[in-house]
Amino acid sequence: MLDVETDAYIHCVSAFVKLAQSEYQLLVEVIPEHHQKKTFDSLIQDALEGLMLEGENIVSAARKAIVRHDFSAVLAIFPILRHLKQTKPEFDQVLQGTAASTKNKLPGLITSMETVGAKALEDFADNIKNDPDKEYNMPKDGTVHELTSNAILFLQQLLDFQETAGAMLASQVLGDTYNIPLDPRETSSSATSYSSEFSRRLLSTYICKVLGNLQLNLLSKSKVYEDPALSAIFLHNNYNYILKALEKSELIQLVAVTQKTAERSYREHIEQQIQTYQRSWLKVTDYITEKNLPVFQPGVKLRDKERQVIKERFKGFNDGLEELCKIQKAWAIPDTEQRDKIRQAQKHIVKETYGAFLHRYGSVPFTKNPEKYIKYHVEQVGDMIDRLFDTSA
């Protein structure tokens with residue numbers, strides 16, 4: 001419905017200009033010159049008033065949408081505002097000679113739309129920062145949070161209206177807010193028209209602010225998880241989603257206007273979370289590493305204490321492996337490439353450690369029931385890790 005209303009209003013604006021131009025040409029032929037401007041002013045009032053009223057209704061609807069935190073609905077004013085600015089020269093020309101109150105109607109509507117648009121942008125950034133950490137709203141499998149996908153979608157939609165959004169921010173003189181100094185060469189004498197380069201930098205800083213707020217909120221949300229490894233998977237998924245979304249669109253170029261290292265920074269964050277996740281496997285591999293294992297001479301009978309240590313190590317590894325595989329199988333990594341990368345890295349570490357342990361102790365007579373302790377071949381361990389992050393496996 002919003003798209004239909006927006007489209008209809010844009011056509012009405014264009015139609016008003018065309019009809020007003022046509023009306024004036026006809027009027028010039030039938031009305032004496034000294035009455036033309038005043039007569040024209042009177043003739044167009046009803047249509048202009050109706051057009052402005054409809055515009056103010058759209059602004060009012062946008063304000064209500066902001067209160068509801070329905071920021072996507074506010075985007076309806078962006079194409080309208082862009083069209084009003086594009087049409088303004090024709091508007092100004094056709095309204096030449098009319099009363100000041102008539103001439104000021106369109107600039108007044110443009111100002112209202114820019115104000116409400118800037119308000120929506122600022123409130124959206126604040127909403128991303130302050131979205132509460134509701135436990136029931138957190139994905140149990142650590143996948144991408146709804147807040148992340150909504151934030152990225154909104155920023156991607158802004159790409160279609162870069163100049164309009166940048167001008168909205170600039171019109172509210174938000175340079176001070178973002179610590180961007182105003183250069184006299186970047187502003188016109190009207191003090192409301194900014195260079196496209198300045199608007200682009202301002203929009204870049206705004207997008208970086210939203211992404212920064214999102215990152216802080218995600219960090220806060222990740223603390224809801226009791227398991228640090230699941231917390232790491234959650235942050236990994238969200239950071240990876242953000243980076244991929246930035247790279248697939250022009251957003252990465254916009255971000256780079258004011259933050260050259262943003263891409264590298266996200267890659268580092270992703271890698272940090274992978275390393276944090278991998279630490280969850282230490283409690284499994286610690287059982288079978290070289291430290292604290294008995295050293296024995298070939299052919300020398302093992303003491304009871306040494307046999308018991310080896311049994312405990314096998315049992316600890318088996319139990320830990322089964323428990324982690326059961327838990328982490330239910331977690332999610334939507335990105336296939338990342339999922340395979342994490343599995344392969346973990347598989348390599350665990351198989352190598354287990355293989356060395358099995359080679360050293362697999363043939364040692366530490367028990368009368370070896371099948372009770374040597375439950376898995378090296379390849380079986382690899383197969384189990386291959387089924388992580390896959391509830392269907």
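The C-alpha centres of domain 1 and domain 2 lie 32 Å apart in this predicted model. The bounds of these domains come from an automatic or database domain assignment. Contact here means heavy atoms within 4.5 Å, and 19 residues from domain 1 meet 21 residues from domain 2 in this way.

| Domain | Residues |
|---|---|
| domain 1 | 1–127 |
| domain 2 | 131–278 |
| domain 3 | 287–387 |

How much area do domain 1 and domain 2 bury between them? About 1,800 Å², with 69% of it on carbon and sulfur atoms. Buried area is the accessible area (1.4 Å probe) that two parts lose on being put together, summed over both. On the domain 1 side, Phe78, Leu121 and Phe124 supply 32% of the area buried against domain 2, more than any other three residues.

Now for the charged partners. The interface holds 1 salt bridge, a side-chain nitrogen of Lys or Arg within 4 Å of a carboxyl oxygen of Asp or Glu. The side chains of Lys209 and Glu122 form a salt bridge at 3.2 Å, N to O.

Which elements give two or more residues to the side of domain 1 that touches domain 2? They are α4 (77–94) and α6 (105–130), where helices are DSSP runs (H or I, at least four residues) numbered from the N terminus. α6 gives the most, with 11 residues.

A note on the numbers: residues are numbered from 1 along each chain as its sequence is written, and side-chain values use heavy atoms, leaving out hydrogens and water. Local features need pLDDT of at least 70 and side-chain atom pairs count only at pLDDT 80 or more, while totals for chains, interfaces and linings use all residues.
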